[in-house]
Amino acid sequence: MSDHDNSQQATSPLPGYPDMKESLLGDASESGKGGYGDRGLDSDNDLASELAGQADDQPIDHSNRRDIITFFLLGLINNSSFVIFAASAKEISSSSVGIVYLCASLPSLMVRVSAPYWFDKVPYRIRIYVATVLMAMSFTGVAMAPYQWLQLLGVCLTSAQQGLGEASLLALCSRFGTKSLTAWSSGTGVAGLFGYAWVIVFKTWIGLNFRLVLLLANILTVGYVATFLQMRPPPMLQRPGSIVTREQEIGDVVGEGAEGGAINALETQRITLIPASEADTKTKDVVELDLTTWERLYLSLSLWPTTVPLIIVYFAEYATQAGAWASIGFPPSSKEARDRFYEYANWCYQGGVFVSRSSGVCWQPGRTVLWIMALLQVGVLFFFVINAQIHFWYDYSVLSMAFFTGLLGGAVYVNAFRLITESVPPRLKEIGMTAGAVSSDFGTNIGEGLAVLIQMYLYRVNNISE
């Protein structure tokens, strides 16, 4: 037997888990080649192999009724702050809605981009407390600010809160299961309707001024932290009953064969995969990972087949909302007509988001359908931009397309994150979800930057001056 053949035999027969015990526990004391406790030259290959090994074939859903209700309420409240400011965008800057949307998105993007590198070091409780304080500061700050630039600063605070809360709670969903993820997604869908209803009920129907509407919203901050404190501890990571074998070379030449050839002694070891409860205790509720910065970046980039559709769909829908819809009215020359259409279109959009984000248990498409839906959303963007110019379908029946926009966006959201939980090993689910959360904000910021240009262009085409 040649040396090359011997080296092939010494390779682990289980791709993706070169040393499972070390991989799950991240314990450097359990010495073994390829483990995550040993940051050797092969660590990058180890992570790539582990990702190639995929997650559980049949993920266990630990969700109970309490979890479903808790995640639904957290999704509703966390995203309501963003929607309230989106619904009030023209109150803050009527001539450039896109600027308000950018302030509501850029800080969130900064939080999410950094999240995979530090989230596993900070307990969920601390992150949610910080998000609660940011929410209260944003509502109060925008309500009391005497200048527009201070109001925009307050919008930035709610952006940071929304990004911190969503990235954290999406990661936590992965510990409970698909039902909790769907409940969270459904709550964020309701947040759209709830946020717009908040503004309409208190401002339009009751007649409160803009400042009082925002100050009253501080009630949500109390509900936010109170709901989180009612959550039960997250389930421990487990791979019950799994057993793998590993061959490990334990010596050099130890004997001579009958023909005088060298023989390598191989020892076969059986390793039982054990619950990663030890990792959970490092920070009470977060699974700490012994990954380098490069490995965390590699993990984030490896999710591109699922995260790119998220980028595309968010880019298209926010360019549509803040750009095209802000320029449509019947007639477009009337500010009141434009404001009315903007409000109605967002209501229809949020209705579509709620319906599709609530379908995560009923309909679970694969990546191909995910890409198709994302590209359809780009087509919807072109439809609204062209329609705002030549007015070929120019009445309130076009709101059906706004509802369709929400259906596409919501379906891509809930199914993209579901696919992430199914495509990475259990110990990497939380960090994978935080990495995926970057994509939605990345697409949002691109879309809102383009929306500023779209709104300026459509205002010029329709001879609108403000």
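Axes here are lines fitted to C-alpha atoms over the stretch of each helix in contact, and angles run from 0 to 180 degrees between N-to-C directions. With that in mind, let's walk through this predicted model.

**Stop 1: α16 and α18.** Select residues 335–357, which form helix α16, and then residues 399–423, helix α18. The axes of α16 and α18 lie 6 Å apart, at an angle of about 35°, and their crossing is right-handed. Now show the side chains where the two helices touch. On α16, the contact residues include F341, Y344, A345, C348 and Y349, together with G351 and G352. Facing them on α18, look for L399, A402, F403 and L407, among others, as well as G406 and G410.

**Stop 2: α18 and α19.** From α18, the contact is made by F417, I420, T421 and E422; from α19, by K429, G432, M433, G436 and A437. By class, this contact has four nonpolar, three polar and two charged residues.

**Stop 3: α15.** Finally, select residues 304–324, helix α15. Draw a distance from the first C-alpha of α15 to the last: the 21 residues reach 28 Å, close to the 30 Å expected at 1.5 Å a residue. Is α15 largely enclosed or open? Because 16 of its 21 residues are buried, α15 is largely enclosed by the rest of the structure.

Notes:
Residues numbered from 1 in each chain as written. Predicted model: local features only at pLDDT ≥ 70, side-chain atom pairs only at ≥ 80, totals over all residues. Heavy atoms only, no water. Helix = DSSP H or I, 4+ residues; strand = E, 2+ residues; numbered from the N terminus. Contact = heavy atoms within 4.5 Å. Nonpolar A, V, L, I, M, F, W, Y, C, P; charged D, E, K, R; others polar. Left-handed = near helix turned anticlockwise from the far one by under 90°. Expected span 1.5 Å × (residues − 1). Buried < 20%, exposed > 50% of the residue type's maximum accessible area, 1.4 Å probe, protein only.
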